[in-house]
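Colleague: I want to learn how to read side-chain contacts in a model. Can you take me through them one kind at a time?

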Amino acid sequence: MVYGKVRGCAWCSGCKREEDELDDDEQLEVVVHMNDRKANAPYNYPDNFIRTTQYTLLTFLPLGLLMQFRKVSNFYFLICMILALIPGVSPISPATAIAPLVFVIGVAMVKEAVEEFKRHRADRKANSILVDVLVNGKLEKVASRDLRAGDIVRVHNGEEVRADIFYLSSHTEEGQVFIDTCNLDGETSLKGRKSIEVTRSLCSPEGLNAAQITMYTVPPEPGLLAWTGRIEIDGKDYAVDINQFLYRGCILRKTDWLWGFVIYAGVDTKMFRNLRKRPPKSSDLDLKLNILIIIVFLLQNVFLFLLCSLSVWWNGRHKNHWYIRWYLESHGKAAQWFLSYLTYFVLLSYLIPISLFVTIELCKVIQAYWIRRDNKMKEMVNGRWRHCKPNTSNLNEQLAMVRYIFTDKTGTLTENAMKFKMGDIKGHLIYNENHSFSLELLQRQGVIRTAAEEYFLALAICHTIQPFPDADAPLGVVYEGGSPDEVALVTTAAEHGFRLLERNSRCLTVEVEGERRVYDILATLEFTPERKMMSIIVQERNTERIILFTKGADSSVGSRTADEEDVQEYMQILSQSLLDMAEHGLRTLLIATRDLTSEMFSEWNTRFLAAGKVLVRRNEAVDRLCGEIEQELRLLGATAIEDKLQEEVPETVSFFREAGVMMWMLTGDKRETAVTIAATSSLLDPRRDYVVHVDLGSLDPKDPEAIEKIGADLHQVELHLESGRREGVRCTLVIDGTSLGVVMEHYFELFVRLSKCVSSAVCCRLTPLQKAEIVRMFQKSTGFTALAIGDGANDVP
């Protein structure tokens, strides 16, 4: 792909990025003209064809045989077979050397052919799926492989997006749609996307065909959490971000249809950028057998040297014997020695028995069969028993050699079923199992009644959840959104009489104890890892009161509270409640509010909207303004969310840790969630272990101060490891994806050394590529066996 100006080649998965070598003023960018293939042609954008197969019809036989003869045993028996075919040299029938080798190679090639055929069939199916594309103002069915950058596509509910597209419009006036990204990040909760206002009217083929839009964005990269760009419409620039970006592989949900145009296709898509070529898999047993074969081969040659030398010596002593006279006269001593070497080589080839390798292959196949039939490794799914399915039999014995385990969190350690467990309202603890007490608080008069009402109103309003009417649901409505814990909080509010009924980009409708209230949305301050909180500013219709509701980590919200005596007094009481909740392994959030004047909000909102249009360091500018308004907060209470673990997870993790197996959690989830689940699953013990965080905070990863801070954090890990050795205390490392990128670039050797010493680690906000890099780092630096476990495509190293 070409950036900024036309160049000679396109981006592909083998190219190296050179952005670091460019000055900030010379950053390359992708230029895509919507619905104009002629204008996009000079940029040499790749087509949308995807190929995951390793061979073609022409290359399968030569490359497959080459892979087989990379095994020392197969190469050795190939030499024996060739020698057995030489007339006058081989003392045995050639069939005895050919048949076993052909059997071993044949079985391996057939197995590889079957797997390759399955990949080819999957590629052909994916590339042939028909997509609705706008061609010359008319909607036509086009094969997925024929999509190009700039093509306008229409996606329907339940369909998989076939390329990375920019979202323009949908059937909803507010432009709100939902996507399922389970194929990419393993998360089953829906994620919201919202089109920018200027493109929402582009809902018809005629309007789209007449529109002239040019996209300016960043070069393709594998990150799933961020994307920025700008579009030019009628000479005006509009800032766009991840909220208008739809990944290849995601599925459209709860939306009738949407329009978008392709930004990245084929090898440039984020899904493909996160794929790596699969290396050939071989076990330690194979490697040890190769070494033993080499040793036996060397020993065999010692015997051959002695036997051939003795043969020549004996022939010289008995050259007058009539039955060997002709042979001795026809060949000199050197020729005699060489011919004897070939003959004895075939005779002594049985020092390395080919039957051993035939037996090993058969044993592996039988083992794979019994793994598949193991009744302790099956589960009832959708009314059917699902058994363990080994995809390869090459690594059976390797399971006993595992030294490092890398596991995903959501859906692997946990069931991904968030549930409100308990909360705190002005010092009054409420529990999910007992609604009677919390409902009683709402019936009281005075301060506690007001506090409880504000608490549940904040839960019903401060979120990004979308309600969908459902007559069969217990509450008459179903809540969907990108955060399962937000769904749990909104559901809890509804169960207490604060039921979210409707939501669009402008307002929310909440039924408060039977009374319908409409709140106009003035601003939504979305969650960011730097602030560790999210807020919403609303105004109740027909009133002048402007309210900010916020929720977030206690470390963030607690530091932004008002200095009033009653607020600080409640904060001290709440600290003990938070500690009790954390000891139960629950994810805690603080709930707070603030009243704003119209003048205060108007002045701040002008700057907030301007920051949202900045093209350089937009996130920093927006976060800075969010921090300005999220001050002088009044605490409403706290919530505690439980993500139920899979059966026997703590016992299993404890077993591995006691056995000396090092475990790492690799997840794309938030830091707080990951640490909480690590604690409940026994991966770490916050009360006894040293838990050291490596975190950039709000610093830019390229800032020298950020690099220095990461170095200081790693030094703290070293100090805690030394203390832990003396005191017998375990040390756990916690790091996010952004910090990991800095570590890999500037402190790689130190990080590798520390990684081998910590008892466990929690890596959060990782891309699939970063997960693979960590696993590969351990494999290469330690030489030990690493086991990677996951439940989605994002967990495949």
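Modeller: Start with the salt bridge: a side-chain nitrogen of Lys or Arg within 4 Å of a carboxyl oxygen of Asp or Glu. Keep in mind that this is a predicted model.

Colleague: What is the general idea behind such a contact?

Modeller: Side chains of opposite charge can pair when their charged atoms come close. Here is one case. Lys 532 and Asp 695 form a salt bridge, with 4.0 Å between the closest N and O atoms. Lys 532 sits in the loop between β23 and β24, and Asp 695 in the loop between β29 and α21, so the bridge ties together parts that are 163 residues apart in sequence.

Colleague: Are Lys 532 and Asp 695 buried or exposed?

Modeller: Both Lys 532 and Asp 695 are buried. Now take Arg 545 and Asp 595, whose salt bridge spans 3.0 Å from N to O. Arg 545 is in the loop between β24 and β25, while Asp 595 belongs to strand β26, so this pair joins parts 50 residues apart in sequence.

Colleague: How accessible are Arg 545 and Asp 595?

Modeller: Arg 545 has a relative accessible area of 40%, so it counts as partly exposed. Asp 595 is partly exposed too, at 42%.

Colleague: How many salt bridges does the structure hold?

Modeller: The structure holds 33. Another one joins Arg 119 and Glu 112, at 3.4 Å from N to O. Arg 119 is buried, with a relative accessible area of 13%. Salt bridges can also link up. Arg 449, Glu 453, Glu 513, Glu 515 and Arg 517 form a network of them.

Colleague: Next, rings. How many aromatic pairs are there in the whole structure?

Modeller: A search finds 27. To read one, look at the distance between ring centres and the angle between planes. Tyr 76 and Phe 345 make a tilted pair, 5.8 Å centre to centre and 45 degrees between the planes. Tyr 76 is in helix α3 and Phe 345 in helix α10, so the pair ties together parts 269 residues apart in sequence. Both Tyr 76 and Phe 345 are buried.

Colleague: Which pair is edge-to-face?

Modeller: Phe 178 and Phe 468 make an edge-to-face pair, with 5.6 Å between centres and 70 degrees between planes. Phe 178 and Phe 468 are both buried.

Colleague: Which residues form an aromatic cluster?

Modeller: Tyr 76, Phe 77, Phe 297, Phe 305, Trp 337, Tyr 341 and Phe 345 form one.

Colleague: Where does a charge sit over a ring?

Modeller: The charged end of Arg 154 sits over the ring of Trp 257, 4.7 Å from its centre. Arg 230 lies over the face of Tyr 216, at 4.2 Å from the ring centre.

Colleague: Last, the backbone. Which residue other than glycine has a positive phi?

Modeller: Asn 542 is one, with phi of about 70 degrees. Asn 542 lies in the loop between β24 and β25. Its relative accessibility is 81%, so it counts as exposed. Asn 35 also has a positive phi, near 60 degrees. Asn 35 is in the loop between β1 and α1. With a relative accessible area of 25%, Asn 35 is partly exposed.

Definitions and conventions. Residues are numbered from 1 along each chain as its sequence is written. This is a predicted model: local features need pLDDT of at least 70, side-chain atom pairs count only at pLDDT 80 or more; totals for chains, interfaces and linings use all residues. Side-chain values use heavy atoms; hydrogens and water are left out. Buried means under 20% relative accessible area, exposed over 50%, partly exposed in between (1.4 Å probe, protein chains only). Helices (H or I, at least four residues) and strands (E, at least two) are DSSP runs, numbered from the N terminus. Rings of Phe, Tyr and Trp (its six-membered ring) pair if their centres lie within 6.5 Å; planes under 30 degrees apart count as stacked, over 60 as edge-to-face and the rest as tilted. A charge sits over a ring if NZ of Lys or CZ of Arg is within 6 Å of the ring centre and within 35 degrees of the ring normal.
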